Amino acid sequence: MGDNNDRSSATRRDYIKYTGAASAAAMTGLAGCSGGGDGEYPDGDITYIIPFSEGGGTDTYARQFISHMGDELGTNIAIENVPGAASLRGTGQLYNADPDGYTIGGFNPPSTPVSAMVNPPEYDMTKLEGIGTYARTPFVVVANPSYEIEGFEDMIDRYADGELEIFSGKERGGVDHVLALLMKGNDSYDLQWDRYVGYDGTGPAVQATISDEVPVSIATDTGAAGAAEDDRIDVLACLSSQGSEVFPDIPSTTDLGYDNIDFLGQLVRGVFAPEGTSEDHIEVLTEALEAALQTDEVQSWSEETGNVVEYGGPESASNAVADAFEQIPEQVDLEAVRDAASQ
Amino acid sequence: MAFAAFSEALSLVFSWPTPLWVVIGLTLGMIAGALPGIGSSLGMAIILPLTLPLGPINAIILLVSMYSGAMYGGSISAILVNVPGTGGAAATTFDGYPMAKQGRAIDALSMSATASAVGGFLSVITLLLISPILIEAVLLFGSPEYFLMAILGLSMITIVADGSMVKGLVAGAAGLLITTIGIAPNSPELRYTYGSLGLYDGIDFIAALIGMFAIAEMLKLAGQEGGIADGDIDLTGSTLSGVKETLSHPGTIIKSGYIGMFIGAIPGAGATVSNFLAYGESMRSSDDPGSFGNGNPLGVISSEASNNGTIGGSLIPTISFGIPGSGSTAVLLGGLLMHGLRPGPQLFETDLHITYAFLIALLIGNIFIILIGVLVVTRLAKLTLIDTHIIIPMILVLSMVGGYTLRSNWVDVITVLLLGFFGYIMVRKDYSIIAFVLGVVLGPIAEENLMRSLQISGGSYDIFVTKPLSLLITAAIILILVGPYVKPALEKRLA
């Protein structure tokens, strides 16, 4: 049954790295069904809500694969950017949309869950149904080369000695800040920074590291790539146990013997549907997402631009949200994050 | 290497159909720029996914041409109906619109085209020349310098607020107060959001500008018979006289273009700030500051030269560090990434020909701005003769829709309306609109960078005077603030 539906050649399929092997197997089984019995859905345009502005990372990805997802479904998917409130507004709009399979959206745990934990909105994000994940963006720790920091352990020592005091990343109250607090409070890391300086995005944080306004900063691996290539920054470690495709030679902190902090150490770029969306619809959407990621266009774009595309099933999307909500409050003092203004 | 890259870029830009993309980009940009709320960023975002089949060079050229076209396009509606199509054209309304009311819309339109083109040309040429040392130059600026630049901008209130100084300061403070709505910069603290997610990001300054200028003016026009041009005034002036007049003020164009470029290089500032500063500087250095606001051509020239000048500047952080200073450069950055061009040193080394290609395309684009602006757009001057009963509903609808399209947020529509009434009252009671807008635009930049500088220094204010550059800006601020008091005293003593 899969022959004419499973259009991807073996080589193309090889590009995709399955993070959820079980779900992939389940979907291969379903691959032939959409053209057969259930021809009803979708029979109209689908809206894809992006809770960020045009031109950002999430938007750039979406504008690549969403049209292919529409092609797979035989319909149009219209992108609607609903930026604001640290992505809580667009996510809220997704949450409140009718669960009819015609409104879906994408956000990136743990980023949006952290925003929700710091300033709780009136909806429960964990109730959203996962459709799948399409990429993973690990965080790395970067340093100004003039400090000649010899790896992550050396950095920890220098903070402990008081030689380094300032640690930085994106805005206070965001994922980077929570990561910094986690590493400070966690006995395994024991990263004793004195002051956290927040920047308006990874780009500005990396620039500030290069100009030595701050010695060390958290950055996304893609955000640090350009500066690292030019030796303007040293990349010390990757905060995801799965490592970074951009920096394959950089050790992860788990490689170095520190605790696994994957629930915070990487952005999992996911696609979600409102609570109550029928399982059948989710299956169709998941299948379309997987197929879209395997198209030649998306794959060659990914190869050319270095924007890694990695498919994951519905549960990898749901789990990323659930893990964030379970583990972050246990391990980080959220009150301290909220009170950051007074520090 | 640079020369080889330059000649390769030249052949790229002049090979068909690239020039066509320049013209298409400019035209689309002008239309997007002239429509309030659409502006360059939304227009570019709509086009962005359609550029995929074009290949990187043509795609980026199309996008930067749109950006350039929109910067100029914003002046069209600013002059004709007092609606700044983009934030960068807000100061153009101050003298452009009075000129239109006096029947000199053709003059004003051809001036804005000429000034935009020359200002844009200057900044891009400069960018081409300094590109080898660009990254080092950007690294000189950090959080303390950004904060001081914002304060320098705010100190311009003392110059641009003609009339009562107290009223000027009150208006500026009101603008600053509005920027305290929303999530505080550098801390997750919520301020005046009353549980509404729509208020988390505060008041959008473009919505504020649309309200203050468009709605306020429509309220005023509602009490007036006939068209926008006063009474039975016929359209006077010719396209050529506008061009000549503009070119007879090279000092203003050069100064304003470079103010635009400099401000554009500061993330978060952009054309919305630079056009006011250039306008303020033009007013400060004028022998007859009183004529500003009543149709002084220098007002149009300085504002328009600066907003197109901003383009060259805003490309600096975008292409050197991947930091988008504005909505438009964010979309442009998205375009670069989408087409596999990673901002950073590479764009000045192996990909130098691509960087040169789109800078050359921008240069050529400026020639088209003059041609299209002078030959085609000036014909729109007839709009000022159309009865206000027809114009007002159109502008009201356009402003509301524009407000909503900014962020798909109803708060922005309410902002447009409320600040419209507020602006109307401010004009009636002689409070400075410029002072208010400077507060709205510069408040967030000042606050964010103040907080960050103090985090870095551990609370010490020394950070604002310890580096030569920050010391220099601090001195400039003091000079602007005390200059008007000290100058007459000095002159008296000398006399």
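Biologist: What makes Glu217(B) count as buried or exposed?

Modeller: Keep in mind that this is a predicted model. The relative accessibility of Glu217(B) is 7%, and buried means under 20%, so Glu217(B) counts as buried.

Biologist: How do you know that Lys220(B) and Glu217(B) meet in a salt bridge?

Modeller: The N to O distance between the side chains of Lys220(B) and Glu217(B) is 3.8 Å, and the cut-off for a salt bridge is a nitrogen within 4 Å of a carboxyl oxygen, so the pair qualifies. The two belong to helix 11 (residues 205-221) of chain B, where being 3 residues apart means a separation of about one helical turn.

Biologist: Why is Lys220(B) called partly exposed?

Modeller: Its relative accessibility is 42%, and partly exposed covers what lies in between the 20% limit for buried and the 50% limit for exposed, so Lys220(B) is given that word.

Biologist: What does the salt bridge of Glu447(B) and Arg191(B) tie together?

Modeller: The side chains of Glu447(B) and Arg191(B) meet at 2.8 Å, N to O. Because Glu447(B) lies in helix 20 (residues 433-457) of chain B and Arg191(B) in strand 2 (residues 190-191) of chain B, the pair ties together parts that are 256 residues apart in sequence. Arg191(B) has 17% relative accessibility, and therefore counts as buried.

Biologist: Which residues of chain A are linked in a network of salt bridges?

Modeller: The network links Asp154(A), Arg158(A) and Glu163(A). Within it, Asp154(A) and Arg158(A) have their closest N and O atoms 3.1 Å apart, and both of these residues are buried. They are 4 residues apart in helix 6 (residues 151-161) of chain A, which means that about one helical turn separates them.

Biologist: How many salt bridges are found over all chains, and how many between chain B and chain A?

Modeller: The search of the whole structure finds 16 salt bridges over all chains, whereas the count between chain B and chain A is 0.

Biologist: Why give an area for an interface?

Modeller: The size of an interface is often given as the accessible area lost when the parts come together.

Biologist: What is buried between domain 1 and domain 2 of chain A?

Modeller: About 1,200 Å² is buried between these domains, 65% of it on carbon and sulfur atoms. On the side of domain 1 of chain A, Val114(A), Arg136(A) and Thr137(A) lose the most area to domain 2, together 46% of what that side buries. The contact involves 13 residues of domain 1 and 14 residues of domain 2, and the count of salt bridges between the two domains is 0.

Definitions and conventions. Residues numbered from 1 in each chain as written. Chains lettered and ligands numbered in written order. Predicted model: local features only at pLDDT ≥ 70, side-chain atom pairs only at ≥ 80, totals over all residues. Heavy atoms only, no water. Contact = heavy atoms within 4.5 Å. Buried area = accessible area lost by both parts, 1.4 Å probe. Buried < 20%, exposed > 50% of the residue type's maximum accessible area, 1.4 Å probe, protein only.
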